[in-house]
Amino acid sequence: MVTVEAVLGDITTQCVDAIVNAADSALMGGGGVDGAIHAAAGPALLEDCRRVRATTHPKGLPVGEAVATGAGNLPARWVIHTVGPNRHRGQDDPALLASCFTRSLAVARDLGARCVAFPAVSAGVYGWDAAEVAAVATDALRADLAEHDGVDLVRFVLFSEPTLAAFQSALSAAGPLL
Ligand code: AR6
């Protein structure tokens with residue numbers, strides 16, 4: 001049985017196996033949750049990101065993909081970086097956003113991370129409506145978790161009351177499977 005929940009909070013403080021970062025393709029840090037994660041993790045995270053760029057992803061991480069690094073000083077063991085679609089650049093395909101959630105879970109399973117925390121990917125600088133992100137994330141998770149074992153807890157960690165309300169509403173609409 002998988003637990004899927006939504007809480008109000010700061011993802012950097014979460015005691016889970018892996019937290020997901022709403023990064024950009026360069027993986028060099030930024031604002032929003034990306035900035036908060038790098039600030040809390042310390043310089044080891046940026047070093048890990050540089051290593052990813054120097055090895056597996058010299059051209060950067062594509063939109064909808066995910067890659068793991070260590071987590072520096074964070075309580076979590078890993079950071080899974082994903083790049084959401086940027087609506088301001090015309091990236092409005094929900095499949096790309098869904099892919100952020102499913103690819104991140106696939107990376108979590110490969111790591112052996114059983115408890116995973118997600119932010120509202122693309123619902124900040126990248127301009128997606130929080131309710132749409134919540135609906136896309138919930139649908140993606142429902143299909144993914146029904147098909148694959150290995151993750152016991154998915155926690156959405158939301159930074160504002162309206163975003164929390166959007167996720168709570170999407171989760172209750174999704175019904176008992178989640
Ligand atoms: N914990 C949880 N959620 C947070 C936190 C936090 N500490 N801080 C912000 N949020 P955004 P995006 C929420 O803009 O839209 C960066 O510069 C925030 O309120 O962080 O995918 C990257 O480098 C919002 O609901 O991510 C990229 O360039 C959600 O996290 C770009 O922003 C996502 O907002 C990515 O944009």
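Colleague: Within what distance do the axes of H4 and helix H5 (residues 161-174) come, and at roughly what angle do they cross?

Modeller: The H4 and H5 axes come within 8 Å and cross at roughly 35°. Axes are lines fitted to C-alpha atoms over the stretch in contact, with angles from 0 to 180 degrees between N-to-C directions, and helices are DSSP runs (H or I, at least four residues). This is a predicted model, in which local features need pLDDT of at least 70 and side-chain atom pairs pLDDT 80 or more, while totals for chains, interfaces and linings use all residues. Numbering starts from 1 along each chain, and side-chain values use heavy atoms, without hydrogens or water.

Colleague: Which residues of H4 and H5 meet?

Modeller: From H4 come Ala130, Ala131, Val133, Ala134, Ala135, Ala137, Thr138 and Arg142, and from H5 Thr163, Ala166, Phe167, Ala170, Leu171 and Ala174; contact means heavy atoms within 4.5 Å. They divide into 11 nonpolar, 2 polar and 1 charged. H4 passes H5 in a right-handed crossing, the near helix being turned clockwise from the far one by less than a right angle.

Colleague: Why are H3 and H4 called oblique to each other?

Modeller: The axes of H3 (residues 94-111) and H4 (residues 130-147) cross at roughly 45° and come within 9 Å. Oblique is what remains after under 35 degrees (roughly parallel), over 145 (roughly antiparallel) and 65 to 115 (roughly perpendicular), so H3 and H4 are oblique. H3 supplies Pro94, Leu97, Ala98, Phe101, Thr102, Leu105 and Arg109 to the contact, and H4 supplies Val133, Val136, Ala137, Ala140, Leu141, Asp144 and Leu145. Of these residues, 11 are nonpolar, 1 is polar and 2 are charged. The crossing of H3 and H4 is right-handed.

Colleague: What makes H1 and H2 roughly perpendicular?

Modeller: Helix H1 (residues 32-41) and helix H2 (residues 43-54) have axes that cross at roughly 115° and come within 5 Å. H1 and H2 are therefore roughly perpendicular. Ile37, His38 and Ala41 of H1 touch Pro43, Leu45, Leu46 and Cys49 of H2, a set with 6 nonpolar, 1 polar and no charged residues.

Colleague: How many residues surround the ligand, and which are the closest?

Modeller: There are 22, the closest being Gly31, Val33, Asp34, Ser122 and Val125; the criterion is a heavy atom within 4 Å.

Terms used:
Helices (H or I, at least four residues) and strands (E, at least two) are DSSP runs, numbered from the N terminus. Ala, Val, Leu, Ile, Met, Phe, Trp, Tyr, Cys and Pro count as nonpolar, Asp, Glu, Lys and Arg as charged, and the others, Gly among them, as polar.
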